[in-house]
Amino acid sequence: MNDTITIERNDATRRYELTVGDELAGFAEFRTTPDGIVFTHTVVRPDFGGQGLGTRLAKFVLDDAVARGERIVPRCPFIAAYLREHPGYEASVDWPTA
């Protein structure tokens, strides 16, 4: 059994996809704007829960957005909670006003 964890940005589906072995275990949906990237929804399948995969996914997508020079707009509650608990991203975040 291959338990390799990979996370890749898939612009065609507008999501970052986390796979464990050959299985899609979770994803973070986004949309891009001229000013940056808006994270809208994050999911880890229940059968992959409790393994820290959501945290790993959140860190990856945020680090990738920063590396790309994108402004981050956290509309997804999970991504927003991650940002509140993990300092260091403040210079790249635009909190939604509504």
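A salt bridge is taken here as a side-chain nitrogen of Lys or Arg within 4 Å of a carboxyl oxygen of Asp or Glu. The structure is a predicted model, in which local features need pLDDT of at least 70 and side-chain atom pairs count only at pLDDT 80 or more, while totals for chains, interfaces and linings use all residues. Residues are numbered from 1 along each chain as its sequence is written, and side-chain values use heavy atoms, with hydrogens and water left out.

The structure holds 8 salt bridges, among them one between Asp 94 and Arg 71, whose closest N and O atoms are 2.6 Å apart. Because Asp 94 lies in the segment after helix 2 (77-85) and Arg 71 in strand 5 (residues 71-74), this pair ties together parts that are 23 residues apart in sequence; helices (H or I, at least four residues) and strands (E, at least two) are DSSP runs, numbered from the N terminus. Asp 94 is partly exposed, with a relative accessible area of 33%, and Arg 71 is partly exposed at 28%, where buried means under 20% relative accessible area, exposed over 50%, and partly exposed in between (1.4 Å probe, protein chains only).

A further salt bridge joins the side chains of Asp 64 and Arg 68 (2.6 Å, N to O), in which Asp 64 is buried, with a relative accessible area of 17%, whereas Arg 68 is partly exposed, at 44%. The side chains of Arg 15 and Glu 17 also meet in a salt bridge, at 2.9 Å from N to O, and both of these residues are buried. Glu 17 itself is found in strand 2 (residues 15-20).
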